[in-house]
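Subject: Structure for you to look at

Hello,

Here is the structure I said I would pass on. Please open it first, then read the notes below it.

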Amino acid sequence: MSEEEVQFFQEDGTRMDGREKSEVRETTMEVGVLDEADGSAMVETGNTRVVASVFGPQELHPKHLQESDRAVIKMRYNMAPFSVDDRMRPGPNRRAKEIGLVAKRALEPAIRLEKFPTAGIDISMEVIESDGGTRVTGINAAALALADAGIPMKGLVSACASGVVDGEVVNDVNGLEDKKGNADVPIAVINGGDEITLLQMDGDLTKQQVDDCISMAKKGCESLYEQQRQTLIETYESIRQ
């Protein structure tokens, strides 16, 4: 095998991290991880870890940014310099701004913004460790943080990225599959259902591969939604006791 060739599957057909093609990585979730935030959560999917925080609703400044009939979301996505193998340059960059905008648009349809006219809601996603799927992991963490802050929502937003590697459709792409694979398709849905709030595609796919990627990613969203829901139930039941 030349240096340029990348092995995605083992001889038994499983992926290099031992997963089946449709299998998502082991995921842990925790809410209320930051004392000073109105809501917060940490989600760890494989070796990708993101902490999300929410402040607000609160008076939005400067006032010319206010909307008279709804709240305005201010989103920040940031990768810590130590989150990847090669130290990143600190501070916002074009990619971070793009992912922040995508995550904001994925979450907005689920939030009852009309409940808080002229207010602002600040959401921050801090990537502590990155091994693929930072935007979808961030969205999962932000949805939990919004619920932890008591923000009224139509439901929880859950996100998962499928993709194509070596011509095969796989679910929940890791860092290697994301960088060296043929394509990735991140999606987000509300309450693990059919209402899609995010659908992106990066790479060349056939129509059948697109359909298979969406179907597989939606199944990943269903399982993540159940885990988000259980995390919130267990957290608040323990507080009540």
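Which strands does helix H1 lie across, and at about what angle does H1 run to S4? Helix H1, residues 94-107, lies across S4 and strand S5 (119-129), and runs at about 135° to S4. Helices (H or I, at least four residues) and strands (E, at least two) are DSSP runs, numbered from the N terminus. Axes are lines fitted to C-alpha atoms, for helices over the stretch in contact, and angles run from 0 to 180 degrees between N-to-C directions. Contact means heavy atoms within 4.5 Å.

Before the rest, some notes on the source. This is a predicted model, in which local features need pLDDT of at least 70 and side-chain atom pairs count only at pLDDT 80 or more, while totals for chains, interfaces and linings use all residues. Residues are numbered from 1 along each chain as its sequence is written, and side-chain values use heavy atoms, with hydrogens and water left out.

The sheet

Five strands form an open sheet with mixed pairing, in the order S1-S2-S3-S5-S4. Its edge strands, S1 (27-31) and S4 (72-79), each pair on one side only. Two strands pair if DSSP finds at least two bridges between them. On average, neighbouring strands of this sheet are turned by 15° against each other, direction ignored. Strands S2 (residues 39-45) and S3 (residues 48-59) run antiparallel and are joined by seven bridges. Met-42 has Val-51 in S3 as its bridge partner.

Helix H1

Why does the distance between the end C-alpha atoms of H1 agree with its 14 residues? At 1.5 Å a residue, H1 should span 20 Å, and its end C-alpha atoms are 20 Å apart, which agrees. The expected span of a helix is 1.5 Å times one less than its number of residues.

The buried residues of H1 are Ala-96, Ile-99, Gly-100, Val-102, Ala-103, Ala-106 and Leu-107. Seen down the axis of H1, these buried residues fall within an arc of 165°, so they line one face of the helix. The arc is that of the directions from the helix axis to the C-beta atoms. Buried means under 20% relative accessible area, exposed over 50%, and partly exposed in between (1.4 Å probe, protein chains only). The face of H1 turned away from the buried side carries the exposed residues Arg-94, Lys-97 and Arg-105.

What do the buried residues of H1 pack against? They pack against S4, S5, helix H2 (134-148) and the strands S6 (157-165), S8 (183-190) and S9 (196-199). Ala-106 of H1 has a relative accessible area of 0%. Leaving out residues up to four places away in sequence, Ala-106 touches Ile-139, Val-157, Ala-188, Thr-197 and Leu-198. Ala-106 and Ile-187 are 81 residues apart in sequence, and their C-alpha atoms are 8.8 Å apart in space.

Two buried asparagines

Asn-140 is in helix H2 and is buried, at 2% relative accessible area. Not counting residues up to four places away in sequence, Asn-140 touches Val-43, Val-157, Ser-158, Ala-159, Leu-224 and Gln-228.

Asn-174 is in the loop between strand S7 (168-170) and helix H3 (175-180). With a relative accessible area of 11%, Asn-174 is buried. Apart from its neighbours within four places in sequence, Asn-174 is in contact with Asp-17, Arg-19, Arg-25, Asp-131 and Gly-132.

Backbone exceptions

Most residues other than glycine have a negative phi, and most peptide bonds are trans. Some places in this model do otherwise. Gly-56 and Pro-57 are joined by a cis peptide bond, with omega about 5°, and Pro-57 is in strand S3. The peptide bond from His-61 to Pro-62 is also cis, with omega near -5°; Pro-62 is in the loop between S3 and S4.

Where are the residues Thr-118 and Asn-191? Thr-118 is in the loop between H1 and S5, and Asn-191 is in the loop between S8 and S9. Thr-118 is not a glycine, yet has a positive phi of about 70°. Asn-191, not a glycine either, has a positive phi of about 55°. Thr-118 is partly exposed at 34% relative accessibility, and Asn-191 is partly exposed at 32% relative accessible area.

Regards
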